[in-house]
Amino acid sequence: AAAAYDVTRERRRRRRDEPEDDDEDDEEGGEDTMTLTVDTANDNVVKTQYAVRGEIVQIAAQLASEGKKIIYCNIGNPQSLGQKPITFFRQVLALCDCPTLLESPDVEKLFPTDAIARARAVLSACPGGTGAYSQSKGIQICREAIARGIERRDGFPSDPNSIFITDGASPGVHMCMKVLLRNEGDAILTPIPQYPLYSATLTLYGGSLAPYYLDEAKGWSMGVEELTASIKKARDAGKTVRALVVINPGNPTGQVLSLENQKQIIDFCKREGLILLADEVYQDNIYAEGKEFNSFKKVLKSMGDEYSSVQLVSFQSTSKGFYGECGRRGGYMEMVGFDSDVGSLMNKIASVNLCSNTAGQILMSMVMDPPKEGDPSYGKYIEERDAILSSLKRRAKLIVNCLNKLEGVSCNDAEGAMYAFPSITLPPKAVQAAEALGKKPDVFYCIELLKKTGVCVVAGSGFGQKEGTFHFRTTFLPSEEDFPTIVKGLTEFHEEFMKKYS
């Protein structure tokens, strides 16, 4: 995308420098003239980059079309790599999508009674069923279920009317950016490394990214001193800093914030007058001993009325956790501390899209309000949940251990989320070889890894990294059965690569 943008700028420069052509066809448009080309497209779209579906993935698709087996470790897409869906969730969705099943005299032989009851309750609140539009904010009964789940998690009330159900968490981020960003003078404090959704939406909507760097030497910790320096730098450059993005657990870095650190972050937002945008889509993915997830809402509310002025938007999704329902596109954002007029603005944006998909809404409500102890489906639900999470924990340790055995590679523990983000020291000859091809060194490494092993990962430059450092992000989602093959292939490739360019 960056290369495309450079080409576009050069084309536009040449057009400005070229003399006007008085040809009659050109004046009238001409048969060969296209109204929309890359040259005439919105600059913000041309400049937008999204590495997890970028150049390396396109090469992977080409190799796959030629018959090469590709193991996609570039994106957190669990079910594409063999993870099974949660049975209760799919049973309820099946009954909602095919309500004639509820009329069958054998329905209780096919489905547990709590799944039947949940489907009937949802359908009673959805005139026309799942094929009809819902309220723009989302189906009322689903927002109420999400609110109950938030209350159980945090111990504080949740208002269903402050919840917007979205097609995954990403549209909620888009909605916030649309409301927050007025021009390029508005900036958002964003972690580096970061999930490129944030840099992409900032570019797309004409805002500015104010970076703050996570401390790799301290387990990708988030220091208030760094935040203070970053906001000062942005303001000195004439930017109006409007919000702070925090990803917890981290993506791509996998760290889990401590409770004390979260309090410091909230205090910083209060002191600097910032909205806190809390990406919490990995809240169920915690693996490190002694670590636990605390939502920013829970921490904020526990800090008392002194912090009631802090405005918070938190995001959750059906795509991650132990559910991994990426294709269902379910998510929500909860707004805390905003007045009704801002809520109306958000509702206006939601209304432009009519509503999010109803299957995703129903699924999101079940993620936050699953079977309870004593329900017929509870035992199976817990068994499936625990099996997936314990396997992810084992795989997290396996990949980190493998990476730390490689020459010139260092990887912090994956405390949460679904990724490892190792630092890699590349030999000077490898850097020169990459530059000769017009590639960033970490992109060059990842492309070579892909071609030799079929393992598709994402270069660290796609997430942002300190100047002079190189990384890549890999998921640990492939099945445990496939892991020995992946580890063997990665180890052999790395040894050959380092030998070749040493």
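Guide: We may begin with a sheet in this predicted model. Strands β10, β14 and β13 form an open sheet in that order, and the pairing is antiparallel.

Visitor: Which residues of helix α4 are called buried?

Guide: In α4 (residues 55-65), they are I56, V57, A60 and L63. The word is used because each has under 20% relative accessible area.

Visitor: Why are these residues said to line one face of the helix?

Guide: Seen down the axis of α4, the buried residues fall within an arc of 115 degrees, so they line one face. In general, an α-helix has 3.6 residues a turn, so residues three or four places apart point the same way. On the other side of α4, Q58 and S65 are exposed, which means over 50% relative accessible area.

Visitor: What do the buried residues of α4 pack against?

Guide: They pack against β1 (71-72), α18 (441-453), β12 (455-456) and β13 (458-459). Following α4 comes G67, whose phi is positive, near 105 degrees.

Visitor: What makes a group of residues a nonpolar core?

Guide: Its members are buried residues of nonpolar kinds such as Leu, Met and Phe, joined through side-chain atoms within 4.5 Å. The largest such core has 115 residues, of which F89, L277, M333, I362, L403 and F497 touch the most other members. Helix α16 (residues 378-404) gives the most to this core, with 10 residues. Apart from it lies another core, of 33 residues, including Y212, L257, L274 and M303.

Visitor: How many cavities does the structure hold, and why are they called cavities?

Guide: There are two of 30 Å³ or more. The name applies because a 1.4 Å probe fits inside but cannot get out. The largest cavity has a volume of about 60 Å³. Among the residues that line this cavity are P191, Y212, M222, N251 and L257.

Key. Residues are numbered from 1 along each chain as its sequence is written. This is a predicted model: local features need pLDDT of at least 70, side-chain atom pairs count only at pLDDT 80 or more; totals for chains, interfaces and linings use all residues. Side-chain values use heavy atoms; hydrogens and water are left out. Buried means under 20% relative accessible area, exposed over 50%, partly exposed in between (1.4 Å probe, protein chains only). Helices (H or I, at least four residues) and strands (E, at least two) are DSSP runs, numbered from the N terminus. The arc is that of the directions from the helix axis to the C-beta atoms. Contact means heavy atoms within 4.5 Å. Two strands pair if DSSP finds at least two bridges between them. On a 1 Å grid over the protein atoms alone, a cavity is a set of points where a 1.4 Å probe fits but cannot get out, and a pocket is an open set with protein on both sides within 12 Å along at least five of seven lines; lining residues have an atom within 4 Å of a point. Grid points are joined across faces, edges and corners, and a volume is the space filled by probe spheres set on the points.
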